[in-house]
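Subject: Handing over the two-chain structure

Dear colleague,

Please find the structure below, followed by notes on what was found in it. I would be glad if you could read them with the coordinates open.

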Amino acid sequence: MLKLVTKNVGIENSHTLSVARSHGAYSRLEAAFAMTPEALTAEVIKSNLRGLGGAGFPAGRKWSFLPKDSPKPRYLVVNGDEGEPGTCKDKIIMIHDPHLLIEGIIITCWAIQSHKAFIYIRGEYDLPVEHVEQAIVEAKAAGILGETVMGHDFALDIVVHRGAGAYICGEETALLESLEGKRGWPRLKPPFPAVEGYMRCPTVVNNVETLSYVPYVVEMGAQPFADLGSERNGGLRMYSISGRVNRPGVYELPMGTPLREMIYDHAQGVTGGRALKAVIPGGSSAPILTPDEIDVPMDFDSLAKRGTMLGSAGVIVFDETVSMVEALKVIIRFYAHESCGQCTPCREGTAWLEKIVERILDLGGRPGDVDNMLRISRNIMGNTICPFGDGAALPVVSCVTKFRPEFEAWVRRGQPVTTLPVREAHIGEPVAAV
Amino acid sequence: MIEHTSIRESSPTIDYGMVDHPGPVSWSDAARRDMAAIFARYPDKRSATLPILWLAVREFGWISPQVEKIAAEILGRPLNEIHIVVTFYTMYPRRPMGQHHIQICRNVSCWLAGAADLSRYLQQRLGIGPGETTADGKFSFSEVECLCYCECAPAMRLDNRYVGNLTKTSIDQLIGEK
């Protein structure tokens, strides 16, 4: 099976410059520099390379939004703040093939005419940080980065910026705020980063995996790359498959590979031969699918048509023994913990969703709790600055709707508890002096 | 109690009711050299905030009120802006940490692989709960959200390395080695 960005995984010292070069690293640079930035951007648009961080926005089109006449410097910011639950792919590139990423950055910077790139890597990723930093040092020493790039009159500096533990910083405007030394509070768009990004300068933010495919677009040509995938979803991508499967792992497969094939062929089926109960197709923010919904091509458009999303392609498998109420608690606890607190519907909503699902599990569920969860979720959706709110609400709505009898049963089990008087608010009670 | 001092005041004192370093803190020469290199990477000083705070963690082990103050001075930013940043991110410790930090993932893929059980086991073995440090100062323990090591669930981060496919036996071994 064809592999591109994971081709060098397993080769000893694949992260070092000499080994990487003997396996093709930087061999696409000459072809890229032979093209004009406009032609290169057009080529990437034609390749149907999508934003693989999760949003799926066509990569080349994002580049084309940079203003042509701005006197300000332009920046490329690489999103390596991997954090979507169930996703474990970007670190593989950063650990095993950092020179491929750097090559992708160089080509992209040529296309957008940027001389400075930042790679924002999540704080927990010590080894990826180490390998990427080493690779930059080696590339500088070899004249691949610096005042000139392999003899071309084009300067490029790459800086690794380490995050400090905040899921929200994977959202591109929160990431820019964080890079600027602030808390990761997403920005209201527009202006989009292409117009006002890092330091209010034109900025392109692309995911690690997206940029690592760019050298292959140059090598293969746009059309052959596009043809590897499905309609409007070019190339391959890395699918992280975890949960109750026999062979969890990261699989690089063509865009549009059917979900059933991923679970039953590549991941070798459900653990213990048990029946499938549910699948999250694209990281925990993606609405959950039931077993009758898994005959779907895993690409952005096919999943969107079925009311869910490909997102970061983190496939999480649940077997028949898993309680969906408990599973939802684990998921919503994450969103309540990671909500940045900027928008009220999300901050308050995720906290209440967590409280309600916890009390249901503590046999303290109240009649109406299930509908309340749906109501709270719908009040979050569309009412926040960034997509985090939707990402928290969508799994709740899909899980509660599709497994409603399970939630109702938990609430019924808890009904005796709900006959206890509800604790009154502190109105009229003496309050201890602060 | 928080005293409302002007954020622009040159040397504000904010009592967060938190533990602090017992004596005065100051940057080592090595830290000052690294600092210069950090500032050189960014077009402005403010962008160096996260790396300067990482440097402070390396230097002092944790971010105490005093450390916040000297970081604010170096960065030329108001103290409360630094406090906002430090408290927003989960990885800047705001209390002294044990020699080793165990962070077990509690998110969905690890949970499906039995992480809740392993977390209980670890807490029993260490005799501490999440967010606590053992009396001998050897281990700190945290439950954390997705470490993105889902393909090797259940997983944890032990100091600065990832360990996956955890079992009670492998946990015993890892702790025993420390």
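The largest share of the lining of the second largest pocket comes from strand E4 of chain A, which gives five residues; strands (E, at least two residues) and helices (H or I, at least four) are DSSP runs numbered from the N terminus. Please bear in mind that this is a predicted model, in which local features need pLDDT of at least 70 and side-chain atom pairs count only at pLDDT 80 or more, while totals for chains, interfaces and linings use all residues. Residues are numbered from 1 along each chain as its sequence is written, chains are lettered from A and ligands numbered from 1 in the order in which they are written, and side-chain values use heavy atoms, with hydrogens and water left out.

The second largest pocket holds about 1,200 Å³ of space. Among the 48 residues that line this pocket, A:Gly53, A:Gly54, A:Ala55, A:Gly170 and A:Pro387 are the closest to its centre, and the elements of chain A that contribute two or more residues are strand E4 (203-207), helix H12 (300-305) and helix H16 (388-402). A pocket here is an open set of points on a 1 Å grid over the protein atoms alone, with protein on both sides within 12 Å along at least five of seven lines, whereas a cavity is a set where a 1.4 Å probe fits but cannot get out; lining residues have an atom within 4 Å of a point. Grid points are joined across faces, edges and corners, and a volume is the space filled by probe spheres set on the points. By class, the pocket lining has 19 nonpolar, 18 polar and 11 charged residues, where Ala, Val, Leu, Ile, Met, Phe, Trp, Tyr, Cys and Pro count as nonpolar, Asp, Glu, Lys and Arg as charged, and the others, Gly among them, as polar.

Searching the whole structure gives two cavities of 30 Å³ or more. The largest cavity, with a volume of about 90 Å³, is lined by 13 residues, of which A:Cys340, A:Cys343, A:Cys346, A:Thr384 and A:Cys386 are the closest to its centre; its lining includes eight nonpolar and five polar residues but no charged ones. The second largest cavity has a volume of about 40 Å³, and the residues lining it include A:Asn8, A:His23, A:Arg28, A:Asp97 and A:Tyr216.

B:Phe88, B:Leu112 and B:Glu151 supply 18% of the area that chain B buries against chain A, more than any other three residues. There are three salt bridges between the chains, each a side-chain nitrogen of Lys or Arg within 4 Å of a carboxyl oxygen of Asp or Glu; one links A:Glu180 with B:Arg46, whose closest N and O atoms are 3.4 Å apart.

Two cis peptide bonds may deserve a look. One joins A:Lys189 and A:Pro190, with omega about -5 degrees, and A:Pro190 lies in the loop between helix H8 (172-179) and strand E4 of chain A. The other runs from B:Ala153 to B:Pro154, with omega near -5 degrees.

Best wishes

Technical notes: Buried area is the accessible area (1.4 Å probe) that two parts lose on being put together, summed over both.
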